[in-house]
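Work through the exercises below with the model open beside you. Try each task before you read its solution.

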Amino acid sequence: MKCRTCRNPAIIDLPRHNANFCAEHLQQLCRRQVEKAIHDHRMFEPTDHLLVAVSGGKDSLAVWDILHELGYRTTGLYIALGIGEYSHESQTFAEDFAARRGLPLVIESLRDDHGFDVPTAARATGRVPCSACGMSKRHIFDRVARDGGYDAVVTGHNLDDEAAVLFGNALRWDVEYLARQLPLLPARGGFPRKAKPLVRLTERETAAWCIVRGIDYIVDECPMAAGNKHLAYKQALNLIEEESPGAKASYYLGFLERMAPLLSGLSAQQADELASCARCGSPTGAETATDGSTVCAFCRLSEKARGHEPVPVEMLMSKSARRAAAKEARG
Amino acid sequence: MRVLLRNPRREITIDGRRRVHALLNELGLSREAHLVIRNGELVPGDGELNDDDEIEIRPVISGG
Ligand code: SF4
Ligand SMILES: [Zn+2]
Ligand SMILES: [Zn+2]
């Protein structure tokens, strides 16, 4: 197999492009797709200071690497979620990457800075872990961006992530979520601008980027992810993709091009009134506490979770995930 | 060849030469969801794997 661009030996086949690429031209393709996403959705100005949410996984390290390479001023933000060994390891990958590139990394710890962790919050509130986790992360991204004066928050969501979320939203015809499922959300009411520059790259491509660039990342899955719907949607879409290469891209990018504009009236309606949280000052839809003050969802979650004794991650893992972890520990 | 699989981490042995695609099919693994790495380098779908190779089949789907 030869590289489509230079005819040297290829290192990867990309059926959706009906082509193979060498390491150099795979990188060129990834860079161009990111530049196109940035350009088409007018994500950034050249002078913007970007806060990159890094998890230690392939996507967030890839997006940080690419934006840095493209000349953007970037700072990483790692949030220690307190998910046992998985969190420790992923933090190391984030720190190592930052150190090797000489890039600044802000670290915020749920346990040290807020008095709880994801497993405890899930147990204390009865939410599924990913919901407690996602809400905490979004809150912290927003606050760090606001306090630090960053121009935008960048996340590593890729084409597979967005196609899977689109699939879930379309299965429920959740038009409010559909209207907001965009690669760029402008700043509004104290919330920072949010951008997803990897939406034109599949996760196979972002993983390949990391491998050819020598970036070590956490390959192990978060132990809380097992069995979530998001994974099932991704697998379903990959079955379709194997039968008709390019299906994921045309599904999601076609949504952006032809469907999202029809929904834009709805997302404008949602730019509704926001109040300030009485505890932390963050903007929030008017959620009211028992004493009549307005308290944001994160502060309500953290109040409950702080009062709960710490819950070890194993207690929230499914039986099969626990068995697999025990087996792995035995070697 | 020795094959390292992830999530959970385990190792299996496969006898005989194979192309990458054939190996993935045999193991029932989606081409769209995996990459094959030998000595730190990617091996494309039609790449030949030898009996004495040590490879990693790395899943690329993440579930957050
Ligand atoms: S899988 Fe769920 S709990 Fe784990 S990091 Fe992702 S969102 Fe958080
Ligand atoms: Zn080439
Ligand atoms: Zn608050």
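This is a predicted model: local features need pLDDT of at least 70, side-chain atom pairs count only at pLDDT 80 or more; totals for chains, interfaces and linings use all residues.

Residues are numbered from 1 along each chain as its sequence is written, chains are lettered from A and ligands numbered from 1 in the order in which they are written, and side-chain values use heavy atoms, without hydrogens and water.

**Exercise 1.** Find which residues coordinate the zinc ion (ligand 2), and state the site's geometry.

*Solution.* 
- Step 1. Look for donors (N, O and S atoms within 2.8 Å of the metal, or 3.2 Å for Na, K and Ca; water is not among the atoms, so sites may look incomplete).
- Step 2. A:Cys3 (SG), A:Cys6 (SG), A:Cys22 (SG) and A:His25 (ND1) coordinate the ion at 2.1 to 2.3 Å.
- Step 3. Check the angles. They run from 95 to 115 degrees among the 4 donor atoms, and the site is tetrahedral (four donors, all angles between 85 and 135 degrees).
- Step 4. Read the spacing in sequence: C-x2-C-x15-C-x2-H.
- Step 5. A:Cys3 lies in the segment before β1 (12-14) of chain A and A:Cys22 in the loop between β2 (19-21) and α1 (23-40), so the pair ties together parts 19 residues apart in sequence. Helices (H or I, at least four residues) and strands (E, at least two) are DSSP runs, numbered from the N terminus.

**Exercise 2.** Which residues touch the most other members of the largest nonpolar core?

*Solution.* 
- Step 1. Define the core: buried Ala, Val, Leu, Ile, Met, Phe, Trp, Tyr and Cys residues joined through side-chain atoms within 4.5 Å.
- Step 2. Of its 63 residues, A:Phe44, A:Leu67 and A:Tyr252 touch the most other members.
- Step 3. Helix α11 (residues 247-269) of chain A gives the most to this core, with 7 residues.

**Exercise 3.** What is the strand order of the open sheet in chain B, and which strands are its edges?

*Solution.* 
- Step 1. Apply the pairing rule: DSSP finds at least two bridges between the strands.
- Step 2. The 5 strands run β2-β1-β7-β4-β5, with mixed pairing.
- Step 3. β2 (10-13) and β5 (41-42) of chain B are the edges, as each pairs on one side only.

Key
Four donors count as tetrahedral if all angles lie between 85 and 135 degrees; four count as square planar and six as octahedral if opposite donors are over 155 degrees apart and all others between 65 and 115; anything else is irregular. Buried means under 20% relative accessible area, exposed over 50%, partly exposed in between (1.4 Å probe, protein chains only).
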